[in-house]
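Have the viewer open and follow along.

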Amino acid sequence: MRRKASLILLALAVFCTAMSPLMRWYAFPRLAKIPAGQYQNAVLEAKNPTLLDYGSMQSKKVPKVTVVQTLKGNVEASEQVEKSAGRDVVVWDSLSYIVGPDGKMVSQVPERYVFDAHSQAPVHPTGKYAETVDGDKVRRDGIEFKWPFLTEKRDYEYYDAQARVTRPIHYKGTRTFRGLKVYYFEQTIPWMKVPLPKTMPVKGITPESVAKTGTTRWYTTVRKFWVEPVTGAPVYGEEIQHNELRGGTLLGGRDKVTVFAGHVKMREDYIRSTVDLVKSNRVLVVLLTSTLPWGFLILGLLLLALSLWLEARSRRPGEPEAAPEHEPQPVSA
Amino acid sequence: MRALIAAATGLAVALALVITISAIGSPPGETSPKPLLTTVPKHP
């Protein structure tokens, strides 16, 4: 009986011990992925920024500018891209909608971002599902919006949708944010000439009409992210951004005019909701990467010890249950 | 020999379970009917 029990325990011990690395290095990389149908929004605000009034072409201080950012997973598009890419893909259609102090639209930038659901590495489909910014086809060579699961303490390549360039975003240290351990990242985009948004706030002004005057748009930003490393999700973000129009005949003899200058920060209620969401998602990732693998390993070792102990007891002489399996042979003198 | 068979059984079950769970994965879900926002929401 003890022999049988020790064999069952041995099988369970091997099962649990094998589950530990299999869970961490086989199941986790395949199971942890961004859901294709995710929908999320965030509101960011710039208090007392400088904003260009396109009517008078004068920059002025305004009480507030709000950025409403929506990410919407396009499941049908991701299924189509997956067929050619041969891997799990997420297609995010996003919109950054900027609202002035009067509640009217200042600017809007739609994007399509296509990436690997597991690693967040960019995917470059062609045709109907190509990645875009403001309707133009682009190529992202870095991450955007989200970091990979199990974010590392290193620099990443991050895509800037305004400048349409990929530049490093630097790891600047580990911090605590609202009770969460986070990695702080910072990216500086130096002054660059960038395209004008296709949708302008005043009717009659188009990127083409501005371009005809010889006026160009320039942009610089310092982008800051506080990223929860287990999920790779930013829990907070800030941006210190400057936009200018330079040169041409549109500015009435001036060299440059500020279009927008302000410090954009996530709104408090969205910080709380993002932190809560990340905390709940973090539990699942920790379960697959740490709790279950360590739990299985410890349980496996305990079962192995128990199995060996039972086996040893079953072989101890003088105990009724430890009877030898075969008849003792007579010893010849 | 019986110990080897027991250990192999444990390993085989673990492999089969993990491979099955990983292959099943999670359902893709559906595209949300909610729009891309063009107004400032009052709350998340």
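Find Leu292(A) first: it sits in helix 4 of chain A. Keep in mind that this is a predicted model. Is Leu292(A) buried, exposed or partly exposed? It counts as partly exposed, because it has 17 C-beta neighbours inside 10 Å, and a buried residue would need 20 or more. Leaving aside residues up to four places away in sequence, Leu292(A) touches Met23(A) and Leu287(A). Now look across to Cys16(A): it is 276 residues away from Leu292(A) along the chain, yet the two C-alpha atoms are separated by 9.9 Å.

Zoom out to the helices. Helix 4 of chain A covers residues 268-315, and it packs against helix 1 of chain A, residues 2-31, with the axes 7 Å apart and an angle of about 165°. That angle is over 145 degrees, so helix 1 of chain A runs roughly antiparallel to helix 4 of chain A. The contact between this pair has 21 nonpolar, seven polar and five charged residues. As for handedness, helix 1 of chain A passes helix 4 of chain A in a left-handed crossing.

An unreviewed UniProt entry lists residues 283-310 of chain A as "transmembrane region". In the model that span is 100% helix and 0% strand, and its end C-alpha atoms lie 37 Å apart.

Now bring in the partner. Chain B has one helix and zero strands, and its C-alpha trace spans about 70 × 20 × 10 Å along its principal axes. Of the 44 residues in chain B, buried ones make up 9%.

How does the helix of chain B meet helix 1 of chain A? The axes of helix 1 of chain A and helix 1 of chain B (residues 2-24) come within 7 Å and cross at roughly 25°. Since that is under 35 degrees, helix 1 of chain A is roughly parallel to helix 1 of chain B. By class, this helix pair's contact has 23 nonpolar, three polar and two charged residues. The crossing of helix 1 of chain A and helix 1 of chain B is right-handed.

Finally, take the chain-to-chain contact as a whole. It draws 37 residues from chain A and 27 residues from chain B.

Methods:
Residues numbered from 1 in each chain as written. Chains lettered and ligands numbered in written order. Predicted model: local features only at pLDDT ≥ 70, side-chain atom pairs only at ≥ 80, totals over all residues. Contact = placed C-beta atoms within 7 Å. UniProt positions renumbered as here; feature names shortened; annotations may be inferred. Helix = DSSP H or I, 4+ residues; strand = E, 2+ residues; numbered from the N terminus. Axes fitted to C-alpha atoms, helices over the stretch in contact; angles between N-to-C directions. Parallel < 35°, antiparallel > 145°, perpendicular 65-115°, else oblique. Left-handed = near helix turned anticlockwise from the far one by under 90°. Nonpolar A, V, L, I, M, F, W, Y, C, P; charged D, E, K, R; others polar. Buried ≥ 20, exposed ≤ 12 C-beta atoms within 10 Å, placed from the backbone.
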